[in-house]
Amino acid sequence: MSRFSIIVTSYNQDYAKIRMTLDSILAQDIDDIEIVLADDGSVRNCQTELSDYLDSRGNSKYELVRNNHNVGTVRNILSGLSIATG
């Protein structure tokens, strides 16, 4: 179980913007971080790119959640909270 879970939500976000967010999270001095990426049914599925990117950065504590359709901001956050361990 991680000490901190950070939920990053997105809907049709540009890959570069999400990567900047992840870089900011990974630059923190806290070692025990779990990143939960909750995608709200985006047309562009960048989960493979994001998981490859996180693997290349050496972060093994991440989860990807993809909703099949746009369920809204609150439900997207709740889907991330449902699997967060921190």
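Asp23 has a relative accessibility of 28%, which counts as partly exposed (buried means under 20% relative accessible area, exposed over 50%, and partly exposed in between, with a 1.4 Å probe and protein chains only). The structure is a predicted model, in which local features need pLDDT of at least 70 and side-chain atom pairs count only at pLDDT 80 or more, while totals for chains, interfaces and linings use all residues. Residues are numbered from 1 along each chain as its sequence is written, and side-chain values use heavy atoms, with hydrogens and water left out.

**Two salt bridges**

Let's stay with Asp23 for a moment. Its side chain meets that of Arg57 in a salt bridge, at 2.7 Å from N to O (a salt bridge being a side-chain nitrogen of Lys or Arg within 4 Å of a carboxyl oxygen of Asp or Glu). This pair links distant parts of the chain: Asp23 sits in helix H1 and Arg57 in the loop between H2 and E3, 34 residues apart. Helices (H or I, at least four residues) and strands (E, at least two) are DSSP runs, numbered from the N terminus.

How many salt bridges does a search of the whole structure find? The count is 2. Besides the Arg57 and Asp23 pair, Asp32 forms a salt bridge with Lys61, where the closest N and O atoms are 2.8 Å apart.

| Residue | Relative accessible area | Class |
|---|---|---|
| Arg57 | 40% | partly exposed |
| Asp32 | 23% | partly exposed |
| Lys61 | 36% | partly exposed |
| Ser51 | 14% | buried |
| Thr48 | 55% | exposed |
| Val74 | 60% | exposed |

**The strands and their pairing**

Now for the overall layout. The chain holds 3 helices and 3 strands, and reading along the sequence gives the pattern β-α-β-α-β-α.

Strand E2 (residues 33-39) has a partner in each of the other two strands, starting with E1 (residues 4-10), which pairs with E2 in the parallel sense over 7 bridges. Two strands pair if DSSP finds at least two bridges between them. Phe4 has Ile33 of E2 as its bridge partner, and Ser5 stands opposite Glu34 in E2. E2 also runs parallel to strand E3 (residues 62-66), joined to it by 5 bridges; in that pairing Ile35 stands opposite Tyr62.

Together, E1, helix H1 (residues 15-26) and E2 make a right-handed β-α-β unit. The handedness is right-handed if, with the strands pointing away from the viewer, the path from the first strand over the helix to the second runs clockwise.

Helix H2 (residues 47-56) includes Ser51. Which residues does Ser51 touch, leaving aside its neighbours within four places in sequence? The residues in contact with Ser51 are Tyr62 and Leu64, where contact means heavy atoms within 4.5 Å. Ser51 is counted as buried because its relative accessibility is 14%. The C-alpha atoms of Thr48 and Leu64 are 9.6 Å apart, for a separation of 16 residues along the chain.

Helix H3 (residues 73-83) contains Val74. Val74, Ile77, Leu78 and Leu81 make a nonpolar surface patch of about 370 Å². Patches are made of residues with over 30% relative accessible area and no salt bridge; like charges are joined within 9 Å, and nonpolar side chains (Val, Leu, Ile, Met, Phe, Trp, Tyr) within 5 Å.

**The chain as a whole**

Finally, some totals. The chain has 86 residues, of which 35% count as buried. Its accessible surface comes to about 5300 Å², and 49% of that belongs to carbon and sulfur atoms. Accessible areas come from the Shrake-Rupley method with a 1.4 Å probe, and for residues only the protein chains shown count as cover. Among contacts with a separation of 6 or more, 81% are between residues 24 or more positions apart.
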